[in-house]
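Colleague: Could we go through this entry together? I would like to discuss the fold element by element.

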Amino acid sequence: MPQNSITLLDARAVDRTLKRMAGEIVEHNGGTHGLVLVGIQRRGVQLADRLSTLIGEREGETPPRGALDITLYRDDLQTIGPRPVVGKTELPLDIDGAQVVIIDDVLYTGRTVRAALDELADFGRPARIALAVLVDRGGRELPIHADIVGKRVDLPKDQRVDVLVHALDGKDAVILVTP
Amino acid sequence: MTSALGKDLLGLEPLSAEQIRLILDTAEPFKEISERAIKKVPALRGSTIVNLFFEPSTRTRVSFEFAEKRLSADTVNVAASGSSVSKGETLVDTARNLEAMRIDMVVMRHSASGAAQFLAERIESNVINAGDGTHEHPTQGLLDLLTLRDHFKELKGLRVCICGDVLHSRVARSNIWGLQKMGAEVAVCGPRSLLPHGIEQFGVQVFDRIEAAIEWAQALNVLRLQLERMTAGYIPSLREYNRVFGVTAERVARAPRELLILHPGPMNRGVEIDSTVADGPHSVILNQVTNGVAIRMAVLYLLAGGRPELAEAAKG
């Protein structure tokens, strides 16, 4: 069956959205003090890099970034099987007492975020953890919500949102795919 | 339930180059877990693993146990002495009784070649071979590959010589198969009495002199000379073995290029390897031990997985 693709955000819209999110993150945190951006592998890591740079340009202080791979914290290994390759987890310094913002591309069931919260807890005790996502597509299976959202859409199960980022895909875009 | 590796890990001979690469690549992120303050992830929570060791072992058993615990599995160790095995129970009965207690995996070391396969065909749990007789020791072979890849970046075209008691060594066989599948060139070096008859059929080069091996190789995997071999008449004396085949500082100093030294342990210092070499700058013997935990975590993780064809459905 051919796939139907609709562009939800093009490169300029992604850029505008990220700039707004950068502002909201600083606002939500009341400044950049203690701020740490932690991206979820893989595209969340690229977005965290971009947001961190944008915040640096606005505020003159670039918050440290980290990467989190939640593969080993998922709850579906026995039924679904291992992911082919597990990515790296790298957190900056100490996250005890930090204002951590988890960054991901798409928020869907909430299971990835649940796993990320578990993993962060194994590294330390942040003062606060917030969640920022580029796209919230609805369909939650857990009581989890995002504090900062780039674009909100409500999609049925059979549709998919693909986020493309320049560093990995050659261009920035958010695409809605209907199989 | 079959994983990307199948139900069991019995040896490196049945694996494809792609499967070996998958294990090595999966081991990379597991290295970092052992550096964390809390060295534990929940990936195998709820899995029960029995470490069934019919032969004494410290390094391999402890390494498996750390790997299992760092993945949050529940583990039980069974040693042959002091168990029902010493009362004459057969291997299959022991395993079936354990399986009746609802276990998920068995890690087994046994003195009989083929014991792991024998068991794997008779129980439903995943079986990991932790060394069977003189046949294979796949996780040791894999950790050697990982250590070599860490250093040389690429296994293809690498020249590795396995030195010493190849005849009795399961490590040697796993290394030969694993290295060859990854495109490395393999040689062996040792007294003819300790090389298997027809070793050339493995497609390996044979060196009768350690000096020639050192001149050829980029890495030496020095095997342990089991001391009981001397009384069995394979070699005249330990001193003579050291004089003719020992990896000594003088010999290593004459290597025409950088020479990496591996040893699966436990070492007989002053017999197959000199202390100055074992503790020297070219030795990666302790890196092997560190990598062993990551490799075993990767194997456990990959075998524990269910149906990879459904992995797509889990995204989101």
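The conversation below takes up a sheet in chain A and then the domains of chain B.

Colleague: Before we start, what kind of model is this?

Modeller: This is a predicted model.

Colleague: Let us take chain A. What is the strand order in the open sheet of five strands?

Modeller: The order in chain A is β3-β2-β4-β5-β6, and the pairing is parallel. At the edges stand β3 (65-68) and β6 (148-152) of chain A, each of which pairs on one side only. From one strand to the next, the twist averages 25°.

Colleague: How many bridges join β4 to β5 in chain A?

Modeller: Eight bridges connect β4 (residues 99-107) of chain A with β5 (residues 128-136) of chain A, and the two strands run parallel. Within β5(A), A:L131 is the residue that stands opposite A:I102.

Colleague: And which strands does helix α2 of chain A lie across?

Modeller: Helix α2 (residues 43-59) of chain A lies across β2 (35-40), β3, β4 and β5 of chain A, and runs at about 150° to β2(A). Helix α4 (residues 111-123) of chain A also packs on the sheet, where it touches β2, β3, β4 and β5 of chain A. The direction of α4 in chain A makes about 155° with that of β4(A).

Colleague: Changing topic: how is chain B divided?

Modeller: Chain B has domain 1 (17-136 + 292-307) and domain 2 (138-289). Their C-alpha centres lie 26 Å apart.

Colleague: How many residues are in contact between the two domains of chain B?

Modeller: In chain B, 18 residues of domain 1 are in contact with 18 residues of domain 2. On the domain 1 side, α1 (17-33), β4 (126-132) and α12 (285-304) of chain B each supply at least two residues. The most comes from α1(B), with five residues.

Colleague: What is that side of domain 1 of chain B like by class?

Modeller: The side of domain 1 of chain B that touches domain 2 has eight nonpolar, six polar and four charged residues.

Colleague: You mentioned β4(B). Is that strand mostly covered or mostly open, and how many of its residues are buried?

Modeller: Strand β4(B) is mostly covered, with seven of its seven residues buried.

Colleague: How does β4(B) pair with β3 of chain B?

Modeller: Strand β3 (residues 105-110) of chain B pairs with β4(B) in the parallel sense, over five bridges. B:D132 in β4(B) stands opposite B:H110.

Key. Residues numbered from 1 in each chain as written. Chains lettered and ligands numbered in written order. Predicted model: local features only at pLDDT ≥ 70, side-chain atom pairs only at ≥ 80, totals over all residues. Pairing = 2+ DSSP bridges. Helix = DSSP H or I, 4+ residues; strand = E, 2+ residues; numbered from the N terminus. Axes fitted to C-alpha atoms, helices over the stretch in contact; angles between N-to-C directions. Contact = placed C-beta atoms within 7 Å. Domains from an automatic or database assignment. Nonpolar A, V, L, I, M, F, W, Y, C, P; charged D, E, K, R; others polar. Buried ≥ 20, exposed ≤ 12 C-beta atoms within 10 Å, placed from the backbone.
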